[in-house]
Structures are given as C-alpha cells and as structure tokens.
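Please look over the sequence and the 3D structure below. A short report comes after them.

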Amino acid sequence: MKAIKISEHVYWVGAIDWSLREFHGYATHRGSTYNAYLIMADKITLVETVKAQFRDEMLQRISSVITPKEIKYIVSGHSEMDHSGLIPYMIDLIKPEKVIASTMGVKALNDHFHLNYPLTAVKDGDSISLGNMELKFVETRMLHWPDSMFTYLANDRLLFSQDAFGMHLASSERFADEIDTGILTEEAAKYYANIILPYSSFVLKLLEKWKTLGFDVKVIATDHGPIWRDGGKKIIPLYAKWAEQRPSNKAVIIYDTMWKSTETMANAIADGLISEGVNTVVLPLAVAKRSDIALHVLDAGAVIVGSPTLNNNIFPSVVDALVYLKGLKPLNKIGAVFGSYGWGGEAIAQLNEWLKNMQIETIGDGIKVRYVPRKEDIAKCFELGREVASRLKKLPC
Ligand code: FEO
C-alpha cells in the first residue's frame, strides 16, 4: 500500500475502510476512509493518524515515502479516535519532537489516552515553523467537537479541515472531482445532517471568518472521504445552504406500524402531498436507518410523524428516531402527527409534545384512528397531506 501525492509537498497516507457499515450509529452504506497526511517539510509532519485497527495500512503508506522515524511533528486536528487512535502508538514508535493540538485538543487527547508525553497546545491564529514551511492554525470549536482545529499549509495552498467538509465514502479515487457528483452531494449532505447540523450556527460564523483569514485555499484535505481540489467551490456553498436550514418543498413521513393501519394512514398522507406536487419521502422505521432519516430531514420543509399507541405510549422505534432527530436540532420545519390505536390513543398527544419540543410547528392536533382506518379516515389523511402542502407553499423556501 503506497502513499499518494496530493500536492507538491503532501502525501495521503490514510486508510480505506471498505467494510464499514456502522459508525457509532451512523449507517455508512458506502464505507469510509480515515485520512492522514504527510507533509514533506524540513520537519516532516504527520497530520492526523487513523483508526487503530488500520495501523499497518498507515505505516505501509508512510514507509513507501520515508521511514516513520523521520517524522518530527504530529498534528492532531481532532481527537476523536478514528483520527487520534494511533497517536499513542506513534509517540512510542517515533518519539516526535512535537505533538500539536488545540488547547482543547491537548486536554481531549490526554483524557482519551492518559498520555505521559508533553503535548504542544496552539491557539487560534498561531503558527509553527516546519523549517522551510509554516503551518497556521484556526480553531473551529464545535465543528464538531470543542477541540476541532483547521491547519493551513500556505506553500501548497492546502487546508487540513479535519471532519468538516468530509463524508463517509470509501473509494479508490482520492479526489472529489474524480467521483460522481450525485454520490458526493448525497454523502456530504448525509455527513452534514448527522454530524455537523447541530452546530450550524458555528458553520455560518466560520464561513464569515473564512473571508478574513487571508488563506488562498486550493485544496481542502478532510479527515474522511475524497479531497477537494477546487478551492471549496462545490462544498462551501453547500455548507452555507445546509447551515441556513431553509425549508424546501419537501415532506418526510416517518412512521412505524403494528397491523398496517398507521402505514395506511402514512400512504394516504403521502398521496395528498404528492397530489399537490410536494417532493415526498416515506420512511417506514422497519427499514429506515436513523442516519438516512436525518439526511432526508436536512432540507425538508415538513416532518410528519406516525405511531401506533402501544401500552399507552409511542411505539419504541418512533421514539428512537425522535430522540436522534431532536439531538440534531433541525430548524424551520412544520409538521403533523398521526397514528392508530385500540383504546387509549395516547401516542398522538405525546407525538405533538415531541414536535413542540423540537420547535416543529404542528398543523392541527393530529389524526388518530381506532384500530383500522375507514374510508373517511383515509380521506382525512389525504386532506392532511394537502394541507401540509398548502402550508409548505407559503414558507420562504
Ligand atoms: Fe471523524 Fe469526529 O471523527
């Protein structure tokens, strides 16, 4: 396994995780990569490591260019273990002169690995000389951890952006412009929806700050997925759009069902939405993964949630989806609730409460149907779909 040159002085020495399908609850249908980079400066510098189980792959790639002991500095832009996992091993192996991280990164690395090794903390705007080159650091707190930090190598106009602008995508190609645009957009959106969305206000501030940094970025080297070499022309406008969270003419229906009654209602609501030209996505929780739901909710204007009542409560899979979505803090949505029941029907009031707590403005009180929907119930569901469509048209999309 060889290093891949990505700019005049930088090699990619990361790992490709073709088999990854689950990343702490995120369904990674297309695998992932853990990107590490080698800067061939006077002080040879390793930016990030990889998940610990990919140690041999990273070492082989490094060894195709230098012997690992030639590395003098290690930079950790983000201390989550998919990137920092091999820092303790590399410290033991090469005894680097410096292990550099943000102030919060130093704390986080010590809390993860209980290191007995002096780490170098850098602050926002600091620089470190690599002899014939220089690294500049930009704190990017909460994108997506408190420790997160960008590193800029002006010689190559290259920004190491840690998780930001990345995606879970295993590929033989290392550059985004070699990959199908539809796949890139979907996977970048999914990454944003599941990892970055709660910190959208920080994204907007960073994009403002970006203009004042004085960096002339050509290459964005992320921690996951392909490297952007268009100066961010594709991904930065997408981040700006996603961070603004403007609703679109799209509705997502999330539901689970016990005896197909709630499912019948979901399909009737979908018919009503579709009849009014709304882009409608129906996500049955028997098959839909949380992280795919988050992807669809990202740009939706409406989130409609259905649940049967089970033992006086919302069906457990529906609560699971709502807990996950609530944590992601999606904004600017309208919604509605529905579901079947046998005798109590408590799930409907509980669903309304959930949506209220998520700042989703609900339309009506919801539709509940005893046992099995009659023709008139199906007609009510269809009308609810049309009403949501009518409200969506009035939103500033
Ligand atoms: Fe890829 Fe937040 O770690």
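**Basis.** This is a predicted model: local features need pLDDT of at least 70, side-chain atom pairs count only at pLDDT 80 or more, and totals for chains, interfaces and linings use all residues. Residues are numbered from 1 along each chain as its sequence is written, and side-chain values use heavy atoms, with hydrogens and water left out.

**The chain.** The protein chain has twelve helices and 24 strands. These are DSSP runs, numbered from the N terminus: helices are H or I with at least four residues, strands E with at least two. Along the principal axes, the C-alpha atoms fill a box of roughly 75 × 40 × 35 Å. Of the 397 residues, 57% are buried. Buried means under 20% relative accessible area, exposed over 50%, and partly exposed in between (1.4 Å probe, protein chains only). A contact means heavy atoms within 4.5 Å. Among contacts with a separation of 6 or more, 72% join residues 24 or more positions apart.

**Aromatic pairs.** The whole structure holds ten aromatic pairs. Rings of Phe, Tyr and Trp (its six-membered ring) pair if their centres lie within 6.5 Å; planes under 30 degrees apart count as stacked, over 60 as edge-to-face and the rest as tilted. Two of the pairs are tabled here.

| Pair | Centre distance | Plane angle | Class |
|---|---|---|---|
| Tyr-37 and Phe-160 | 5.3 Å | 50 degrees | tilted |
| Phe-165 and Trp-210 | 6.1 Å | 90 degrees | edge-to-face |

Tyr-37 sits in strand 7 (residues 37–39) and Phe-160 in strand 15 (residues 158–160), 123 residues apart. Tyr-37 is buried because its relative accessibility is 0%. Phe-160 also counts as buried, at 3%.

Phe-165 lies in the loop between strand 15 and helix 5 (181–196) and Trp-210 in helix 6 (residues 200–210), so their pair ties together parts 45 residues apart in sequence. Phe-165 is buried, with a relative accessible area of 1%. Trp-210 is buried at 19%. Phe-165 and Trp-210 belong to one aromatic cluster with Phe-150, Tyr-192, Tyr-239 and Trp-242.

**Charges over rings.** A charge sits over a ring if NZ of Lys or CZ of Arg is within 6 Å of the ring centre and within 35 degrees of the ring normal. Arg-229 lies over the face of Phe-175, 3.8 Å from the ring centre. Lys-368 has its charged end over the ring of Tyr-341, at 5.5 Å from the centre.

**Thr-49.** This residue lies in the loop between strand 8 (45–47) and helix 1 (55–63). Thr-49 counts as buried, at 0% relative accessibility. Leaving aside neighbours within four places in sequence, its contacts include Asn-35, Met-58, Asp-82 and Met-90. Gly-85 is 36 residues away in sequence, yet 6.7 Å away from C-alpha to C-alpha. A polar atom of the Thr-49 side chain lies 2.5 Å from the backbone oxygen of His-83. The Thr-49 side chain also reaches the backbone nitrogen of Leu-86 at 3.2 Å.

**Helix 9.** Seven of the nine residues of helix 9 (residues 290–298) are buried. Among them are Ser-291, Asp-292 and Leu-298.

How values were computed:
Polar contact = N/O pair within 3.5 Å; in protein donor to acceptor, adjacent residues only side chain to side chain.
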